[in-house]
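Subject: Structure for you to look through

Dear colleague,

Please find below the structure that I promised to pass on to you.

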Amino acid sequence: MESAASLPANLPSKDSINEITEEAETDSLVRVSSFPIVSSNQQPRRRGGNRTSSLAARPCRQQSFSREIGHAAAETYLLTHLSFKLLRYLGVGYRWMTRLLALAIYAMLLMPGFLQVAFHYFFSKQVRRSIVYGDQPRNRLDLYLPMNSDGLKPVVAFVTGGAWIIGYKAWGSFLGLQLAERDIIVACIDYRNFPQGTISDMVNDVSEAMTYICNNIVDFGGDPNRIYLMGQSAGAHISACVLLQQAVKESRGDSISWSVSQINAYFGLSGGYNLHKLVDHFHGRGLYRSIFLSIMEGEESFEQFSPEIILQKPSSENAVSLLPHIILFHGTADYSIPSEASITFADTLRRMGAQVDLILYNGKTHTDLFLQDPLRGGKDELFDYIVSFIHAGDDEALAKDAMAPPRRRFVPEILLKLAGQISPF
């Protein structure tokens with residue numbers, strides 16, 4: 001068993017991570033926007049303006065088919081290159097190897113649904129793929145736009161999970177397509193995974209993406225003052241770090257490029273918020289302690305990247321009042337990240353004076369809420385809650401929601417049940 005106090009010599013240092021990043025194809029990335037700086041003493045600029053003119057200015061896709069093919073090939077090469085590096089770091093271990101095999105079988109069982117979603121992802125005109133938001137590798141996001149372009153729409157900025165290793169923006173495509181049907185814009189954020197980056201790179205990437213969204217979403221028909229930040233699993237941890245760090249900056253009067261006041265609520269789905277309490281749990285499930293410590297830049301960085309601990313620091317005292325409404329969701333049968341992680345985070349938030357709701361789903365696993373239940377179709381408690389929360393106070397939107405047809409099934413029930421049995425999560 002690896003020692004928690006030291007890292008093996010063959011694991012990547014911060015310098016080696018930077019070398020990996022430099023190997024990535026940063027030359028192919030083109031920044032599409034400059035990011036204005038918002039003074040900490042000012043509210044973010046409201047850019048609603050004339051509704052017709054703002055929507056008419058909505059940018060059209062500029063990339064040609066050949067450029068998209070080139071980008072896809074370059075990303076495939078990059079991910080393959082990084083996968084081999086990751087395998088070298090992991091070495092031979094039965095836990096992660098058996099879970100990788102289970103993941104492959106799990107994906108095959110859900111493939112009927114994945115293929116349908118992939119078709120819409122690649123061919124729907126309502127999806128704007130790989131919009132560049134920064135100058136680092138994988139600084140891209142996907143936008144899911146409603147068919148109805150009347151008025152400025154609420155926006156969900158979504159950060160996908162993936163154990164900080166296999167996260168990808170397309171993992172949120174099903175959520176994006178479904179929320180877009182309810183007149184909600186969704187921005188699915190990509191960010192550097194390990195070993196391409198470590199936790200500070202991931203947090204910086206997502207914060208950069210929030211800068212782009214808050215300052216540019218009006219050009220796509222989104223309301224810059226009705227933004228909801230949402231993360232799932234590792235994405236919930238990263239986005240919570242981003243939100244708290246931003247609130248601390250604002251409370252100190254630092255210069256900022258986006259404001260917490262633009263975030264109407266934070267949705268944390270199946271997240272972990274205290275790294276000290278998770279390291280041994282993850283080790284037992286195949287995310288070995290040595291790898292986890294490398295991802296999190298050593299145990300000495302746990303306090304810096306544990307939202308539950310950040311809240312209790314004296315420097316966060318004035319930041320808590322700036323936080324938006326926080327809603328945490330978790331399944332009680334989640335073995336990847338136990339529901340206790342959300343329970344203790346919610347208790348800490350309440351104790352510090354934040355507005356928080358905790359919603360537990362009895363018997364639900366780590367992937368039930370995000371994958372199996374949506375693919376099952378029909379009523380989905382989590383989805384319905386998020387939509388009703390976002391549309392609260394908008395009688396017209398609520399009336400449309402009430403008239404919406406039941407969501408169709410994407411995967412036969414027998415495959416869903418088998419997937420639930422084989423799931424490595």
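Two residues are said to be in contact when heavy atoms of theirs lie within 4.5 Å. Helices (H or I, at least four residues) and strands (E, at least two) are DSSP runs, numbered from the N terminus. The model is a predicted one, in which local features need pLDDT of at least 70 and side-chain atom pairs count only at pLDDT 80 or more, while totals for chains, interfaces and linings use all residues. Residues are numbered from 1 along each chain as its sequence is written, and side-chain values use heavy atoms, with hydrogens and water left out.

Of its 425 residues, 56% count as buried, where buried means under 20% relative accessible area, exposed means over 50%, and partly exposed is what lies in between (1.4 Å probe, protein chains only). Among contacts with a separation of 6 or more, 80% are between residues 24 or more positions apart.

The eight strands form an open sheet with mixed pairing, in the order β1-β2-β4-β3-β5-β6-β7-β8, and two strands are said to pair if DSSP finds at least two bridges between them. At the edges stand β1 (127-132) and β8 (356-361), each with a single partner strand, so one side of each has no neighbour in the sheet. From one strand to the next the twist averages 20°; such angles run from 0 to 180 degrees between N-to-C directions, with axes fitted as lines to C-alpha atoms, for helices over the stretch in contact.

Strand β5 (residues 222-232) is largely enclosed by the rest of the structure, because 10 of its 11 residues are buried. Strand β3 (residues 153-159) runs parallel to β5 and is joined to it by six bridges; V155 has I227 of β5 as its bridge partner, and V156 stands opposite Y228 in β5. Strand β6 (residues 263-269) also pairs with β5 in the parallel sense, over six bridges, and there the bridge partner of Y228 is A265 in β6. Between β5 and β6 the chain passes through helix α8 (residues 234-252), in a β-α-β crossover that is right-handed, meaning that, with the strands pointing away from the viewer, the path from the first strand over the helix to the second runs clockwise.

Helices also lie against the sheet. Helix α6 lies across β1, β2 (140-144), β3, β4 (185-189) and β5, and runs at about 35° to β2. Helix α14 (residues 381-390) packs on the sheet as well, touching β3, β5, β6, β7 (325-331) and β8, and its direction makes about 175° with that of β7.

How do α5 and α6 cross? The axes of helix α5 (residues 111-123) and helix α6 (residues 173-180) come within 10 Å and cross at roughly 70°, and the two helices are therefore roughly perpendicular to each other; angles of 65 to 115 degrees count as roughly perpendicular, under 35 as roughly parallel, over 145 as roughly antiparallel, and the rest as oblique. Their crossing is left-handed, which is the case if the near helix is turned anticlockwise from the far one by less than a right angle, with clockwise being right-handed. On the α5 side V117, H120 and Y121 meet S173, F174 and L177 of α6.

With best wishes
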